[in-house]
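Please look over the sequence and the structure before reading on.

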Amino acid sequence: MLENISELSNLHFDFEYKKRFIHAYLNETNYFTFNTPLLKVLKPIHVSFNKKKNLSKNYIILELNENQNMHQELDDMAIMVNKIHEISQVNIQKNSIKWFNTEFDEIGLDMKVKRPIDNQKEKNFIKILINNDDELLQKVEQLQKDCYISCKLGYKGLKVNSDHLMEEYVLYHFMDEEELNEINNIYPEQNN
């Protein structure tokens, strides 16, 4: 998973003020993408509704705690997400005067930019936006709580809220544990 971490240094950030979103692009239109290890589904569909804009977004909530001897893969994912967080903070700090008309010190920055991996009741989890794709949404709706999936995620950038910035990851594709095992059995040499 960490083989493409060097690409993160190529991210460039673009603040779309009207949409209150800071995009993080690798090039003109592409976001940084990576595959996850098997993650436990805590909540297949979580709907977030914005009353002001009369808009809803669908999320999936995934647990990052250790499972099925996947210690190294989960560590790699945490390293990737933390590196993205670090690069995002550096860019927010570098552009804070231009974007927010204020300068953030490191403490203010930590309070302003929320970490994407949250912790409650001894569970580490991440909330992932479901790509605007009806077929993908239907597939997610079929998932059961506590099943395991491996995902292809993209790092979109940071959503600007009134009191904080939140990193946003988007789900492009996923395979459940059975599909992943089937592929690993067909192509075992690619998994070493």
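Is Cys151 buried or exposed? Cys151 is buried, with a relative accessible area of 2%; buried means under 20% relative accessible area, exposed over 50%, and partly exposed in between, with a 1.4 Å probe and protein chains only.

The model is predicted, so local features need pLDDT of at least 70 and side-chain atom pairs count only at pLDDT 80 or more, while totals for chains, interfaces and linings use all residues. Residues are numbered from 1 along each chain as its sequence is written, and side-chain values use heavy atoms, with hydrogens and water left out.

**The chain as a whole**

The chain holds four helices and 10 strands; helices (H or I, at least four residues) and strands (E, at least two) are DSSP runs, numbered from the N terminus. Along the sequence their order is β-β-β-β-β-α-α-β-β-β-α-β-β-α. The radius of gyration is 17 Å, close to the 16 Å that the globule rule gives for 192 residues, so the chain is as compact as a globular protein of that length. This radius is taken over C-alpha atoms, and the rule is 2.2 Å times the number of residues to the power 0.38. Of the 192 residues, 41% are buried.

The table lists relative accessible areas.

| Residue | Relative accessible area |
|---|---|
| Ile60 | 0% |
| Cys151 | 2% |
| His164 | 17% |

Ile60 belongs to strand 5 (residues 55-63). Leu42 is 18 residues from Ile60 in sequence and 8.0 Å from it in space, C-alpha to C-alpha. Not counting residues up to four places away in sequence, Ile60 touches several residues, including Val41, Pro44, Ile128, Val140 and Leu171; contact means heavy atoms within 4.5 Å.

His164 sits in the loop between strand 9 (148-160) and strand 10 (165-176). The side chains of His164 and Asp163 are joined by a polar contact of 2.8 Å. Such a contact is a pair of N or O atoms within 3.5 Å; within protein, one must be able to donate a hydrogen and the other to accept it, and residues adjacent in sequence count only if both atoms are side-chain atoms. With residues up to four places away in sequence left out, His164 touches Lys112, Lys114 and Lys159.

**Cysteines**

A disulfide is a pair of cysteine sulfur atoms within 2.5 Å, and the count here is zero. Cys147 is in no disulfide. The sulfur of Cys151 lies 9.8 Å from the closest cysteine sulfur, in Cys147, which is too far for a bond.
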